[in-house]
Amino acid sequence: LPRMSRGLPKKEKIFGVKHIIAVASGKGGVGKSTASVNLAVSLVKLGKKIGLLDADLFGPSIPKMMNLSKNNEPDWDEKKSLMIPLVNYGVKCMSIGFLVKEENAVVWRGLMVMKALEQLIRQVDWSDIDVLIIDLPPGTGDTQLTISQTLPISGAVIVSTPQDVALSDAIKGVAMFKKVDVPILGLIQNMSIFSCPNCGQKTHIFGKDGLKKFSEKIGVDLLCDLPLDRDVCIQSDFGVPISISNPEGVHAKAFLDFGKNV
Ligand code: ADP
């Protein structure tokens with residue numbers, strides 16, 4: 001995938017896409033895909049034309065989270081020779097999960113991963129998109145580096161819980177984006193606090209303020225500080241992003257505020 005034409009690979013635009021935002025995390029399970037879908041639907045609410053690319057080839061979550069996992073296969077545009085993204089909640093989506101059945105676990109070598117990724121990026125009709133959100137796989141491996149080096153990313157968002165182990169990997173993410181000259185839009189602290197629905201007691205399950213302190217230290221904005229909320233999980237399993245199911249809630253408001261600054 002990277003055209004290593006001596007020195008740095010060339011950053012090549014995606015036809016029809018004005019801006020790209022990469023959503024990254026150091027660890028899996030911290031809420032990166034949840035953040036990607038909620039940012040996507042919030043930007044649609046704000047009148048933007050949005051695409052969502054699931055770059056996690058080994059654990060694609062976007063089909064389920066966007067309620068596009070059932071018998072959906074993208075059509076092929078003969079004239080353009082491009083796949084047509086599937087659309088829900090006004091977001092044009094593409095994922096390896098639309099092309100490979102869940103039970104056929106993807107066991108690919110590195111080169112095949114890069115080839116599949118290139119197809120999801122270049123052989124899809126991403127025309128007329130204001131912002132393409134790329135939901136990266138967790139960590140700072142080949143895929144993340146290749147995407148950051150070969151696409152003109154306007155900015156990256158890093159999602160983490162406040163917990164030390166998650167945080168130390170998020171720090172690696174910040175370093176990676178800096179190295180490849182991708183501006184960091186900010187950090188999203190997720191699952192920071194849990195309010196018991198019965199007694200109202202608040203608990204910092206994964207620690208307190210870890211990401212907030214880190215963001216202050218490195219001079220990067222803390223974009224959202226999101227509580228742990230059972231509904232986020234339940235609704236997401238039904239394919240409804242929390243910004244849609246509870247538009248007045250803290251999550252929806254936080255993503256809308258962030259979207260306004262994008
Ligand atoms: P990642 O993309 O980092 O692997 P996901 O977005 O898939 O993480 O989230 C992992 C799980 O945690 C999902 O079941 C999701 O619904 C849930 N989740 C994410 N954020 C929250 C939250 N703030 N409160 C409760 N559950 C959440």
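Analyst: **A look inside**

The protein chain has nine helices and 11 strands (DSSP runs numbered from the N terminus: helices are H or I of at least four residues, strands E of at least two). What you see is a predicted model, in which local features need pLDDT of at least 70 and side-chain atom pairs count only at pLDDT 80 or more, while totals for chains, interfaces and linings use all residues. Residues are numbered from 1 along each chain as its sequence is written.

Let's begin with the overall form. The C-alpha trace spans about 60 × 40 × 35 Å along its principal axes. The radius of gyration of the protein chain is 18 Å, which agrees with the value near 18 Å for a compact globule of 262 residues (taken over C-alpha atoms, with a rule of 2.2 Å times the number of residues to the power 0.38). Of the 262 residues, 46% are buried (20 or more other C-beta atoms within 10 Å of the residue's own; 12 or fewer is exposed, in between is partly exposed, and C-beta atoms are placed from the backbone). Among contacts with a separation of 6 or more, 78% join residues 24 or more positions apart (a contact means C-beta atoms, placed from the backbone, within 7 Å).

In soluble globular proteins, nonpolar side chains tend to be buried together.

Together with strand 9 (184-195), strand 11 (222-228) and helix 7 (230-237), helix 1 supplies at least two residues of the shell around the ligand. That shell has 18 residues, the closest being Gly31, Lys32, Ser33, Thr34 and Ser236 (near means a C-beta atom, placed from the backbone, within 6 Å). By type, seven residues of the shell are nonpolar, nine polar and two charged (Ala, Val, Leu, Ile, Met, Phe, Trp, Tyr, Cys and Pro are nonpolar, Asp, Glu, Lys and Arg charged, the others, Gly among them, polar).

In helix 6 (residues 210-218), the buried residues are Gly210, Leu211, Phe214 and Ser215. They fall within an arc of 125 degrees down the axis, so they line one face of helix 6 (the arc is that of the directions from the helix axis to the C-beta atoms). Lys213, Glu216 and Lys217 are exposed on the other side of helix 6.

Finally, compare two single residues. Gly51 lies in strand 2 (residues 50-54) and counts as buried, with 26 C-beta neighbours inside 10 Å. Beyond its neighbours within four places in sequence, Gly51 is in contact with Val17, Pro85, Lys92, Trp126, Ile129 and Leu132. Lys13, in the segment before strand 1 (17-25), is exposed, with 10 other C-beta atoms within 10 Å.

Notes
Two residues are in contact if their C-beta atoms, placed from the backbone, lie within 7 Å.
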